[in-house]
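I opened this entry to keep track of what I look up in the structure. I start with confidence and then go element by element.

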Amino acid sequence: MKKTILITVVFLFSMLCHAKFNKAVLYMVDGTKKSGLAEMVENGDSKVVFKTDEKAKKEKIASDLIKKIEFTDDDKNEFVAERLYLTSANAFSGKFSKSKEKKWFYILYDRDIKIGCVDFAGTMQYNPSKDKISGQFGDTTYYFGKKKGDELYFGFLKSSAGIAVHTQTGSNIKKMSKEAFAGCPKLIAAIEKEDFKTKTALEQLIGIFERNKCK
């Protein structure tokens, strides 16, 4: 499972760096589905570029009309992008803030808990004070939350360049988990005990979520 997720991250990085149409199924908010081809989405995209087939004219569909997208590339690799609210905490006040609109996340893990990530070629981060997305090149940002919830919480940021500057990884994860998993004391306690390292934080979180269920 962990290896598969890490391979998925690599494939996603490659696909997002080379924008093109992939086979896609759009699950609409009204319960209908649209099958065809779509461009890979980024976190703040307000529209999805879609066409029914190779020869069809492109159309732009408002993101708020779409619940999730299932992409399949030429090698049969599958990726799911889902629209969820983004919750983060102000670096200075510590106050939690939820985005006014839903954002696109690529879902890496989807059981009792969801793990989503944002962009790869240039990570988009949510600024709660401005309800705005800002970019940082070469990074990946990971988020988590309850499966049945409508939001994901900021977890940690990992630099693809391998620069060890994110010293707050463990404290961020522990702080956000108390908010994200309120009502799941066993899970919060397991996260609190963990010594998180940026390079292995994703695998560590998956291991904790596998061992400690939060309904």
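**Entry 1**

I began with the outward side of α3. Pro 185, Lys 186 and Lys 193 are exposed there. I note here that the model is predicted.

Next I asked which residues of α3 are buried. I found Leu 187, Ile 188, Ala 190 and Ile 191, in a helix that covers residues 185–193. Looking down the axis of α3, I see these buried residues within an arc of 160 degrees, so they line one face of the helix. Then I checked what lies over them. The cover includes β9 (113–118), α2 (169–180) and α4 (201–211).

**Entry 1: Confidence**

The chain has a mean pLDDT of 82, and 78% of its residues reach 70 or more. Confidence is lowest in strand β10 (residues 122–127), with a mean of 38, and highest in β4, at 97. Residues 1–7 have a pLDDT below 50, and beyond near neighbours in sequence this stretch has ten contacts in the model. Residues 120–137 are also below 50, with 55 contacts counted in that way.

**Entry 2: Whole chain**

I counted elements next. The chain holds four helices and 13 strands. It has 215 residues, and 45% of them count as buried. The accessible surface comes to about 11600 Å², and carbon and sulfur atoms own 51% of that.

**Entry 3: The core**

How many residues are in the largest nonpolar core? I read 51 residues. Those with the most contacts inside it are Leu 26, Ile 69, Phe 71, Phe 144, Phe 181, Leu 187 and Phe 209. Leu 187 is also on the list of buried residues of α3. As background, nonpolar side chains tend to be buried together in soluble globular proteins.

Leaving aside residues up to four places away in sequence, Leu 26 touches Ala 38, Phe 50, Ile 61, Ile 66 and Ile 69, among others. Its list also includes Thr 32, Lys 33, Lys 34 and Lys 68.

**Entry 4: Strand β3 and its neighbours**

I moved to β3, residues 47–51. This strand is mostly covered, with four of its five residues buried. On one pairing, β2 (residues 33–39) runs antiparallel to β3 and is joined to it by two bridges. Leu 37 has Lys 51 of β3 as its bridge partner. On another pairing, β3 and β4 (residues 59–62) are antiparallel over four bridges. Val 48 stands opposite Ile 61 in β4.

Then I checked the loop between β2 and β3, where Met 40 is found. Is Met 40 buried or exposed? It counts as buried, because its relative accessibility is 11% and the cut-off is under 20%. Met 40 and Phe 50 are ten residues apart in sequence, and their C-alpha atoms are 9.8 Å apart in space.

Last, I looked at Lys 76, in the loop between β5 (66–72) and β6 (78–89). Its phi is positive, about 70 degrees, although Lys 76 is not a glycine. For comparison, most residues other than glycine have a negative phi. Lys 76 is exposed, with a relative accessible area of 60%.

Methods: Residues numbered from 1 in each chain as written. Predicted model: local features only at pLDDT ≥ 70, side-chain atom pairs only at ≥ 80, totals over all residues. Heavy atoms only, no water. Core = buried A, V, L, I, M, F, W, Y, C linked by side-chain atoms within 4.5 Å. Buried < 20%, exposed > 50% of the residue type's maximum accessible area, 1.4 Å probe, protein only. Contact = heavy atoms within 4.5 Å. Arc of directions from axis to C-beta. Areas by Shrake-Rupley, 256 points an atom, 1.4 Å probe, with all protein chains shown as cover. Pairing = 2+ DSSP bridges. pLDDT = per-residue confidence, 0-100.
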